[in-house]
Amino acid sequence: MARLVGLGLVVAFVFGLLGLLAFGLARQGISATLVPVRPRPAPDFSLTLFDGGRFDLSSQRGKIVVVNFWASWCVPCRTEAPVLEAIWQRYRDQGVIVVGVNIWDNEASARAYIREFGLTFPNGPDPTGAVVVDYGVTGIPETYLISPDGTIRRKWNGPITEASLVTLIEELRR
């Protein structure tokens, strides 16, 4: 009898944890918002890009940098992929860089995603997870805006709209 009660408690505990996880994921999936950040120096990183090139954040000083964390299996990421490409096309000749950091994904799926959405801005994987840890990413998509002096000024959790991203970029351009 004691074994049955113990097993029942374990099962109830596991289901409780699963319920909390489901609630958190569902809540995160519908939430898209500007998150207050204390301005701080952006952690430097380098990526080997999917196109064979290299991206070094340190070489982007003097530009606004939009850093977007994404994965091919992330449904909200798929919503914002065309937005990021439109922003890249609109601002790339005006000192704004968009870079995608692919996380928690496999290379073949990431490359297919880039092809599917016709993404031309720099994109590369974070195979060790170092960039994710340095930035404190808690879910995807997450987007960080770095000012020309190399300071993180804005963070957006969830899929960002073109209007919201334009507003944030224009704030940093002033």
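Start with Phe45: setting aside neighbours within four places in sequence, Phe45 is in contact (heavy atoms within 4.5 Å) with Phe55, Asp56, Leu57, Val67, Val99, Val101, Val131 and Tyr135. This is a predicted model, in which local features need pLDDT of at least 70 and side-chain atom pairs count only at pLDDT 80 or more, while totals for chains, interfaces and linings use all residues. Residues are numbered from 1 along each chain as its sequence is written, and side-chain values use heavy atoms, with hydrogens and water left out.

The largest nonpolar core has 49 residues, and Phe45, Phe55, Val67, Phe69, Tyr135 and Ile169 have the most contacts inside it. Such a core is a set of buried Ala, Val, Leu, Ile, Met, Phe, Trp, Tyr and Cys residues joined through side-chain atoms within 4.5 Å; buried means under 20% relative accessible area, exposed over 50%, and partly exposed in between, with a 1.4 Å probe and protein chains only. Among the elements giving two or more residues to this core are strand S5 (64-70), helix H2 (75-91), strand S6 (96-102) and helix H5 (162-173). H2 gives the most, with seven residues. Helices (H or I, at least four residues) and strands (E, at least two) are DSSP runs, numbered from the N terminus. In soluble globular proteins, nonpolar side chains tend to be buried together.

Now follow H5. This helix has twelve residues and reaches 16 Å from its first C-alpha to its last, close to the 16 Å expected at 1.5 Å a residue (1.5 Å times one less than the number of residues). Its buried residues are Ser164, Leu165, Val166, Leu168, Ile169 and Leu172, and they pack against strand S1 (33-35), S5, H2, S6, S8 and S9.

Two strands pair if DSSP finds at least two bridges between them. S1 and S9 run antiparallel and are joined by three bridges, with Leu34 opposite Trp156. S2 pairs with S9 in the antiparallel sense over two bridges, and here Arg40 stands opposite Ile152. S8 and S9 are antiparallel too, over five bridges; Tyr144 has Lys155 as its bridge partner. Four residues lie between S8 and S9 in their hairpin, and Gly150 in the turn has a positive phi of about 85°.

Ala42 counts as buried because its relative accessibility is 15%. Not counting residues up to four places away in sequence, Ala42 touches Leu57, Tyr135, Ile146, Gly150, Thr151 and Ile152.
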